[in-house]
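Below is a short note on the model you sent. Please read it alongside the coordinates.

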Amino acid sequence: RVPGSAQVEISLISRLEFSTETISNPNKNLPVARSFLAQVSNSSYGYFASGVNPTSAPVSTITKLDFSNETVSNTTPLPGVVKEDLASVSSSSYGYFGGGTSSSVIARFDFSNETTSLPTKNFPTNRSTLAGTSSGSYGYFGGGATQPPTTLTSTINRLDFSNETLGAIGGLTGPSLSNTISGLAAVSNSN
């Protein structure tokens, strides 16, 4: 977010064709326009969670996109994470939504039955505008802002998918981002 700029919520879903690197609009939209949301996916479905609608009210539902036919439907509310500016990571079995405005909660979304729960350890402080990325074994949440007061952070937290423990990578003096930063994004490769 840029201070003083207009906030825009949209419902449009665009598709990136990996083989040709072209973008198209499959004429499927989110049921509610929103911004500052997070997403997780498995091989069959994509899930969009939380955010805020055009009246700046929090959105609590998770919306599912079926990759096979590009249909969109609402699934379940996301407990404890009805927030904007959250981040997400995912394993093959679960998606995790963490942080958000005035939130330290990490919620788990079970891909097999589309239910949510709060089994994991939370961030030590409220954390928003952070980024998330995943490897096969771990999810990484990096950067963002802690509140209150709002302070940018360079911390990288690792969520171990095998036992759902959360810690700073390398301990208290371990690696961190080179700058304190918020509003960032992250990607990973399959290696």
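The points below cover the basis of the values, the overall fold, the strands, the salt bridges and one surface patch.

1. Basis. This is a predicted model, in which local features need pLDDT of at least 70 and side-chain atom pairs count only at pLDDT 80 or more, while totals for chains, interfaces and linings use all residues. Residues are numbered from 1 along each chain as its sequence is written, and side-chain values use heavy atoms, with hydrogens and water left out.

2. Overall form. The chain has 19 strands and zero helices; both are DSSP runs numbered from the N terminus, strands being E with at least two residues and helices H or I with at least four. The radius of gyration is 16 Å, which agrees with the value near 16 Å for a compact globule of 191 residues. That radius is taken over C-alpha atoms, and the globule rule is 2.2 Å times the number of residues to the power 0.38. Along its principal axes the C-alpha trace spans about 50 × 40 × 35 Å. Of the 191 residues, 41% count as buried (buried is under 20% relative accessible area, exposed over 50%, partly exposed in between, with a 1.4 Å probe and protein chains only).

3. Four-stranded sheet. An open sheet has the order β5-β6-β7-β8 with antiparallel pairing; two strands pair if DSSP finds at least two bridges between them. Its edge strands, each pairing on one side only, are β5 (38–41) and β8 (72–77). On average, neighbouring strands of this sheet are turned by 25° against each other, direction ignored (axes are lines fitted to C-alpha atoms, and angles between N-to-C directions run from 0 to 180 degrees). Strand β7 (residues 61–66) is joined to β8 by four bridges, and T63 stands opposite N74 in β8.

4. Strand β18. Is this strand enclosed or open? Four of the five residues of β18 (residues 156–160) are buried, so the strand is largely enclosed by the rest of the structure. Five bridges join it to the antiparallel strand β15 (residues 138–142), where G139 stands opposite L159 of β18. β18 also pairs with β19 (residues 165–168) in the antiparallel sense, over four bridges, and there L159 stands opposite L166. The hairpin of β18 and β19 has four residues between the strands, and E164 takes a positive phi near 55° in it.

5. Salt bridges. The structure holds three, each being a side-chain nitrogen of Lys or Arg within 4 Å of a carboxyl oxygen of Asp or Glu. E70 pairs with R15, with the closest N and O atoms 2.4 Å apart. Because E70 lies in the loop between β7 and β8 and R15 in strand β2 (residues 15–17), this pair ties together parts that are 55 residues apart in sequence. R15 is partly exposed, at 33% relative accessibility.

6. The other two pairs. K64 and E114 meet at 3.1 Å, N to O, and both residues are buried. R108 and E164 meet at 2.9 Å, N to O. R108 is in strand β11 and E164 in the loop between β18 and β19, 56 residues apart. R108 is buried at 19% relative accessible area, and E164 is buried at 14%.

7. Surface patch. V8, I10 and L12 form a nonpolar patch with about 280 Å² of accessible area together. Patch residues have over 30% relative accessible area and no salt bridge, with like charges joined within 9 Å and nonpolar side chains (Val, Leu, Ile, Met, Phe, Trp, Tyr) within 5 Å; areas come from the Shrake-Rupley method with a 1.4 Å probe, and for residues only the protein chains shown count as cover. V8 is found in the segment before β1 (10–12) and counts as exposed, at 57% relative accessibility.
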